[in-house]
Amino acid sequence: MKKYIILLVVFAFATQLFAQEETEKVKDTPVSNPFESGILIDAQTTVIPDAKTLEFLIQHKFGTMDNGRSDLWGLYAPGANVRLALNYTPVKNFQIGIGQTKKNMYTDLNAKWTIFHQTEQNKVPVSVALYGVVAVDGRNVDQFGTGKVVDTQGEALPTYIDLNDRLSYFSQIIIGRKFCDWFSLQAGASFTHYNMVTMDSNHDVVGIHVNGRVKFSPQGSFIFNYDHPLEIESITEQSPWDTKAKPNLAFGVEIFTFTHAFQIYVGTADGIIPQDAMMNNQNDWKNKGLALGFTITRLWMF
């Protein structure tokens with residue numbers, strides 16, 4: 001009789017251990033919705049839609065508010081910028097995209113890969129993604145501020161600008177964490193390179209990035225984004241670097257559904273693609289440099 005009791009106890013203990021292990025395996029899944037969209041104002045998030053999902057994206061920025069009521073705080077200002085884009089997720093955790101931007105007539109190709117996902121049991125405490133963009137400046141040659149040849153007076157001569165001259169690049173690592181149901185935060189570092197720039201500018205810039213969201217309802221969040229280009233002496237070609245880009249600060253509200261996200265915000269950068277914002281932004285939030293903008297996404301699952 002004792003043997004049967006011992007066997008029963010051992011069996012019950014083993015069953016409990018197995019059930020506990022299975023429960024842990026089931027529970028240790030990626031956290032749900034650290035962000036509601038793959039984009040947060042200007043910034044990328046670690047979120048990628050499910051495989052075989054097509055995303056349509058509209059990004060629009062108005063002019064700065066410095067003229068006040070005369071142009072309805074930038075709504076009718078001439079400095080508006082817009083980008084239309086399509087993104088597709090061919091396989092899980094990997095997205096490719098193409099976009100067209102009004103400013104400089106940029107055509108960009110981009111890709112994002114989420115390497116790690118934060119899990120519910122914190123065995124993986126953060127999500128990590130890589131993002132890269134290559135863009136082509138599509139303006140006419142007479143719109144460029146410089147050529148490749150400089151005359152004896154130090155002035156740029158008109159010259160042919162080939163495809164390689166028009167290329168710019170942006171690469172970024174993004175690390176994010178969902179701290180609780182209502183708060184998610186990301187940080188990142190980036191490297192930007194332009195093959196050709198004006199004579200008083202740099203070809204390269206390193207940047208740091210912070211962005212996040214605070215949910216205030218099941219379908220609404222406060223959102224913010226901050227991008228800061230660093231002046232690093234070893235890669236700085238100008239001394240002093242008087243034309244260095246200024247930090248980009250943006251904050252706003254996001255309303256989302258299962259297939260849509262609508263974000264309205266105020267921010268400083270007039271550029272939309274990341275290398276333009278990191279290299280060329282001259283708007284300063286401390287000096288009437290803020291402008292209204294919005295981002296709309298729409299998903300289709302196939």
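Which residues are linked with K103 in a network of salt bridges? The network joins K103, D270 and D276. The legends below describe close-up views of a predicted model.

**View 1. A salt-bridge network links K103, D270 and D276.** The side chains of K103 and D276 meet with N and O 3.2 Å apart. This pair links distant parts of the chain, 173 residues apart. K103 lies in the loop between β5 (94-101) and β6. D276 belongs to helix α2 (residues 274-280). K103 has a relative accessible area of 22%, so K103 is partly exposed. D276 counts as buried because its relative accessibility is 2%, under the 20% limit.

**View 2. D42 and K61 form a salt bridge.** The search of the whole structure finds six salt bridges. In this one, the closest N and O atoms are 2.9 Å apart. D42 sits in the loop between β1 (39-40) and β2 (43-44), while K61 is in strand β3.

**View 3. R139 pairs with D137.** The closest N and O atoms of this salt bridge are 2.8 Å apart. R139 is partly exposed, at 24% relative accessibility. D137, at 5%, is buried.

**View 4. A nonpolar patch lies on the surface.** Its members are W113, I115, F116, L130, I173 and I175. Together they have about 510 Å² of accessible area. Strands β6 (107-116) and β10 (167-180) each supply at least two residues. The largest share, three residues, comes from β6. L130 is found in strand β7 (residues 127-136). Its relative accessible area is 34%, so L130 counts as partly exposed.

**View 5. A135 is buried in strand β7.** The relative accessibility of A135 is 0%. The C-alpha atoms of A135 and T107 are separated by 5.5 Å. Along the chain, these two residues are 28 apart.

**View 6. The largest pocket has a volume of about 700 Å³.** It is lined by 29 residues. N33, V47, I48, P49 and D50 are the closest to its centre. Strands β3 (53-64), β15 (260-267) and β16 (291-301) are the elements that give two or more residues to the lining. β16 gives the most, with three. By type, the lining holds twelve nonpolar, 13 polar and four charged residues.

Definitions and conventions. Residues numbered from 1 in each chain as written. Predicted model: local features only at pLDDT ≥ 70, side-chain atom pairs only at ≥ 80, totals over all residues. Heavy atoms only, no water. 1 Å grid on protein atoms, 1.4 Å probe; cavity = no way out; pocket = protein on both sides within 12 Å on 5 of 7 lines; lining within 4 Å. Points joined across faces, edges and corners; volume = space filled by probe spheres on them. Helix = DSSP H or I, 4+ residues; strand = E, 2+ residues; numbered from the N terminus. Nonpolar A, V, L, I, M, F, W, Y, C, P; charged D, E, K, R; others polar. Patch = residues over 30% accessible without salt bridge, like charges linked within 9 Å, V, L, I, M, F, W, Y side chains within 5 Å. Areas by Shrake-Rupley, 256 points an atom, 1.4 Å probe, with all protein chains shown as cover. Salt bridge = Lys/Arg side-chain N within 4 Å of Asp/Glu carboxyl O. Buried < 20%, exposed > 50% of the residue type's maximum accessible area, 1.4 Å probe, protein only.
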